[in-house]
Amino acid sequence: MAIEGDKARVTKQQWRTVVISVAAVAFSATAGLEPPLRNLITFARAGASFSAKQLCSSVLMAGMDPEQVLNEDLAAGQGMIHTRIKPNAGRVEASALFGLIRAEAIQNGERGCTWQIDGHPKPRLPKPNQPGSETPQPIGSAWPLSDTAAAEPPEIDKQALKDALDRAFEENEPLTPKRTRAVVVVQNGWVIAERYAQGIQPDMPLIGWSMSKSITHALIGRAIQEGLLDPGKPPKVPEWSDPQDPRQRISLDQLLRMNSGLAFEESTGTLNSDLVRMLTQEADMAGFAASQPLSKKPGKKWSYSSGTTNILSRILRHAIDDDQRYWSFPKQALFGPLGMATAVLENDNSGTLVGSSLVWASGRDWARFGQLYLDQGRWDGKQLLPATWVRQAQTASRGSKQAYGAHWWLSRRKSRPDLPNDSYSAEGYQGQLVLVAPSQRAVIVRLGQTPKKPGFDANAFGADVLSALR
């Protein structure tokens, strides 16, 4: 990695060694399935694209240390992906295979960062103090998060809660690191505990990955409340315009419940999966997802899919029918009223908000979002979301074995035996978590960069924290 003016740190000879090594690994792992060169190019394209975008958002937007991002978030590409950050131009460049594969990500004003494809869009540097800073609050003392907070902070077992946070941040397994970056604990509307890793600030936006899907649920609910969408009518999707297309039967609710029947390979471990291709190589993510055929009859089978969320995001775009209003809708309809001053929802190269994966917000702001659902959609004396919409999120979806509601995960499943039966959660790649526990009037946020699943156990973490609350 280089910041503008620095020299590249990898020699051509080192690059040749890396390329030969990767090719050998690719061949041994996929012998008889795919040519090693194709695998290598797929890796290079996905890696360069991901590296450029992650550095742009993490460093230029969120203000993280570039070395931390390289050593943690982008560790898999170290030595194979060369990057250059150009802060004054609002641009990050990445390349692989001796520069044959290139990718660029640029700052997009208040909308974070996006990929630049064929020169579009043009970089737009954010205004000073963007995405915004919240009113400073001390770390270590209780403070009210919302107007629904009780008159006094709750009584808690401070030592037990401290021990739980110690365990959330401890690193005792070098091969499966936790890399917890932020924890915020709220009870009765009060922030009763919070902690941040070195280099992470309370007002620093951190990526939520698939927790973004729950934000999309809220945005769809706000659009319905404002009369922009009718949940009783089939959504309009250009790829399904043929009256004979069976995909026309897919409902808004089925998209929210992940039982649309659309084919989509949701895998982060396969470089040529639909998910990786969509997030790293497709200019129009929703168009890519909407072009997939039906694999099952709509409403019959549950199958988790980031593609369906981006279809929903584009449905919202078409319903608003005004791009400037659409791009400002998350802030106007949700982030602004909640006081989520750090929150940003980024868009793809076509301009559609990536509702599946690209919401960035501070731990405190993710807690505000969880509190909105805990309070049945009410915030600052207003019904920001209909209570029925919040309950809809907690209603199990057909085929999900009681594990999934409407863009929220449910705790009524064997994998969460230690959590309250009424709790539910927004969850994301690498251990992102917003746990809502109504029976204990609690919201628990955990943000991090856990590279391997065994490094973080959401059930154990949630149960550990909740056990310290009364």
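Student: Which elements each supply at least two residues of the lining of the second largest pocket?

Tutor: In this predicted model, helix H10 (323–338) and strand E10 do. H10 gives the most, with seven residues.

Student: How many residues line that pocket, and which lie nearest its centre?

Tutor: The lining has 24 residues, and Glu110, Arg111, Trp327, Ser328 and Lys331 are the ones nearest the centre. The pocket holds about 460 Å³ of space.

Student: What makes up the lining of the second largest pocket by class?

Tutor: Sorted by class, you get 12 nonpolar, seven polar and five charged residues.

Student: OK, over to Asn349. Why is Asn349 called buried?

Tutor: Buried means under 20% relative accessible area. Asn349 comes in at 19%, so it counts as buried. As for where it sits, Asn349 is in the loop between strand E10 (344–345) and strand E11 (359–361).

Student: What is Asn349 in contact with, leaving aside its neighbours within four places in sequence?

Tutor: Thr114, Trp115, Gln116, Ile117, His120, Pro121 and Ala283.

Student: And how do you know that the side chain of Asn349 makes a polar contact with Trp115?

Tutor: The cut-off is an N or O pair within 3.5 Å, with one atom able to donate a hydrogen and the other to accept it.

Student: Next, helix H11 (residues 363–374). How do you know that its length agrees with what 1.5 Å a residue should give?

Tutor: The expected span is 1.5 Å times one less than the number of residues. For the 12 residues of H11 that gives 16 Å, and the end C-alpha atoms are 16 Å apart, so the two agree.

Student: What makes H11 "mostly covered"?

Tutor: Of its 12 residues, 12 are buried, among them Arg364, Asp365, Trp366 and Arg368. H11 is followed by Gln376, which has a positive phi, near 55 degrees.

Student: Last one: why is helix H13 (residues 458–466) described as largely enclosed by the rest of the structure?

Tutor: Because eight of its nine residues are buried. Asn459, Phe461, Asp464 and Leu466 are among them. The buried residues of H13 pack against helix H4 (158–169) and strands E7 (180–187), E16 (432–437) and E17 (442–448).

Student: What caps the N-terminal end of H13?

Tutor: Asp457 does, with a side-chain oxygen 3.0 Å from the backbone nitrogen of Asn459.

How values were computed:
Residues are numbered from 1 along each chain as its sequence is written. This is a predicted model: local features need pLDDT of at least 70, side-chain atom pairs count only at pLDDT 80 or more; totals for chains, interfaces and linings use all residues. Side-chain values use heavy atoms; hydrogens and water are left out. Buried means under 20% relative accessible area, exposed over 50%, partly exposed in between (1.4 Å probe, protein chains only). Helices (H or I, at least four residues) and strands (E, at least two) are DSSP runs, numbered from the N terminus. Contact means heavy atoms within 4.5 Å. On a 1 Å grid over the protein atoms alone, a cavity is a set of points where a 1.4 Å probe fits but cannot get out, and a pocket is an open set with protein on both sides within 12 Å along at least five of seven lines; lining residues have an atom within 4 Å of a point. Grid points are joined across faces, edges and corners, and a volume is the space filled by probe spheres set on the points. Ala, Val, Leu, Ile, Met, Phe, Trp, Tyr, Cys and Pro count as nonpolar, Asp, Glu, Lys and Arg as charged, and the others, Gly among them, as polar.
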